[in-house]
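Colleague: I would like to learn how to read the backbone and the ligand site here. Can we take it feature by feature?

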Amino acid sequence: MSAQLDPAYRARAINALGDTEIDVLVIGGGVTGAGAALDAAARGLSVTLVEARDFAAGTSSRSSKLIHGGMRYLEMLDFVLVREALKERGLLLSKLAPHLVHPVSFLIPLQHRVWERAYIGAGVALYDTLGGARAVPMHRHLSRTKALELAPGLKDDAMTGAIRYYDAQVDDARHTMMLARTAAQHGATVLTRTKVVELIREGERVVGAKVEDLETGLEHTIRARTVISATGVWTDDMIKMTGVDFPFHVRMSKGVHIMVPRERLDIGTGLIMRTEKSVLFVIPWAEHWIIGTTDTDWTLDKNHPTASTADVQYLLDHVNTLLREPLTRADIVGTYAGLRPLMTGANKETSKLSREHAVAEPAPGLFVIAGGKYTTYRVMAADVVDAAAATLGSDAPRSTTESLPILGAVG
Ligand SMILES: Cc1cc2nc3c(=O)[nH]c(=O)nc-3n(C[C@H](O)[C@H](O)[C@H](O)COP(=O)(O)OP(=O)(O)OC[C@H]3O[C@@H](n4cnc5c(N)ncnc54)[C@H](O)[C@@H]3O)c2cc1C
């Protein structure tokens, strides 16, 4: 059943908004909010999900599209985060969304013969182990000759050898949209172009929200026993709206990707390389390669982060250190930029801030989820709905999404 494809659905749903008090109002149709709406609806709760623009219009369509534990978190010795993310990778690949999540291989070029192979090799072996048996193929060590056979487009002196390992990739925007549609299938009302403009309070308690239908300009009231804010980099706007103190703030870190045609690089696998700040990926994406990403602060319009000349040059400079035929600006067929929702930590570089998430109830009835990464959306959703459901009564059911395939997964 498709909710948004039925033209009458939206009008009916908007008109019914004020009719009854619902259990959960979810604000934000990124992967976290869509995941929370599905989690809550699948528990049998009455749910409305409102998104100001379109599903995944924020960060959730602008990621590197990897479902991964994150090699660099392993290097930061964040084993809990890596194990949790790799468990989610296994679930998405095998059960929850095998139609939208697929294995992808990466070559790690090695520059130093002995110690680097031992050091990185140990990390990749651990990564494969933490990821659960056979979720993706195991890594392999390659000689320089074998690596160049796989990736003839790399310079002869780009490496002394390489390791090939596997992760997974997702069509992020489509996956987020399918989460929202699956939530609708489980009875949730899901609305795009519907923006929360005010939270309704009774004393201290948040009891719903006023929303503006951006199609008509009309305002509607939604009364809800609990309200979940899953608004990513817009979380601080929610803080302003409530006027209460939140235990954390969300800082924006911009990440840029460039896209070049697939035939432009003669390599038969993705690449990952270390940069002075973080890592850079070259990721196969249908007829293109996605190359990214950067990590810089952004203080301008949240709706329209853009790539600067310096961002593009940074990516070209780094990837060209490996390539036999350097890429130029003329090869670039597209760029996109996204904003990472990072919880603020005292004066740290953004690339060192953890992608871990937090749930808070800054005012009774209002639950805020922030931080995290795409890969762990399901855990984030379950955590915030657990917190909200605990206030709805003792018989609130547990999350079922660990074994709930999203629409299109079965068959
Ligand atoms: C460059 C980059 C690369 C990344 N790569 C990866 C990766 O490869 N793998 C990975 O796991 N993670 C990755 N991430 C992180 C991941 O993309 C994010 O953590 C995730 O998409 C955040 O989702 P979200 O739902 O919390 O936020 P968003 O997707 O931003 O959703 C928030 C939504 O709230 C809506 N909203 C805001 N205010 C209101 C309001 N008042 N009323 C109604 N709606 C409102 C917005 O319109 C928006 O759609 C990457 C991030 C970036 C920036």
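Modeller: Start with K65, which sits in the loop between β2 and β3. Helices (H or I, at least four residues) and strands (E, at least two) are DSSP runs, numbered from the N terminus. This is a predicted model: local features need pLDDT of at least 70, side-chain atom pairs count only at pLDDT 80 or more, and totals for chains, interfaces and linings use all residues. Residues are numbered from 1 along each chain as its sequence is written, and side-chain values use heavy atoms, with hydrogens and water left out.

Colleague: What is the phi of K65?

Modeller: Most residues other than glycine have a negative phi. K65 is not a glycine, yet its phi is positive, about 65 degrees.

Colleague: Is K65 buried or exposed?

Modeller: Buried means under 20% relative accessible area, exposed over 50%, partly exposed in between (1.4 Å probe, protein chains only). K65 has 8%, so it is buried.

Colleague: Where is A56, and what is its phi?

Modeller: A56 lies in the loop between β2 (47–50) and β3 (66–67). Its phi is positive, about 65 degrees, and A56 is not a glycine. A56 is buried, at 2% relative accessible area.

Colleague: Which residues does the cis peptide bond join?

Modeller: Most peptide bonds are trans. The bond joining G292 and T293 is cis, with omega about 20 degrees. T293 is in the loop between β14 (288–292) and β15 (296–297).

Colleague: Now the ligand. How many residues surround it?

Modeller: A residue is near a molecule if one of its heavy atoms lies within 4 Å of it. Here 37 residues surround the ligand, and the closest are T32, E51, S60, L66 and T375. β16 gives the largest share of the shell, four residues.

Colleague: How does the shell divide into nonpolar, polar and charged residues?

Modeller: Ala, Val, Leu, Ile, Met, Phe, Trp, Tyr, Cys and Pro count as nonpolar, Asp, Glu, Lys and Arg as charged, and the others, Gly among them, as polar. The shell has twelve nonpolar, 19 polar and six charged residues.

Colleague: Which polar atoms lie by the ligand's oxygen and nitrogen atoms?

Modeller: A polar side-chain atom of T375 is 2.7 Å from a ligand oxygen. A backbone N or O atom of A52 is 3.0 Å from a ligand nitrogen. A polar backbone atom of V31 is 3.2 Å from a ligand oxygen.

Definitions and conventions
Polar contact = N/O pair within 3.5 Å; in protein donor to acceptor, adjacent residues only side chain to side chain.
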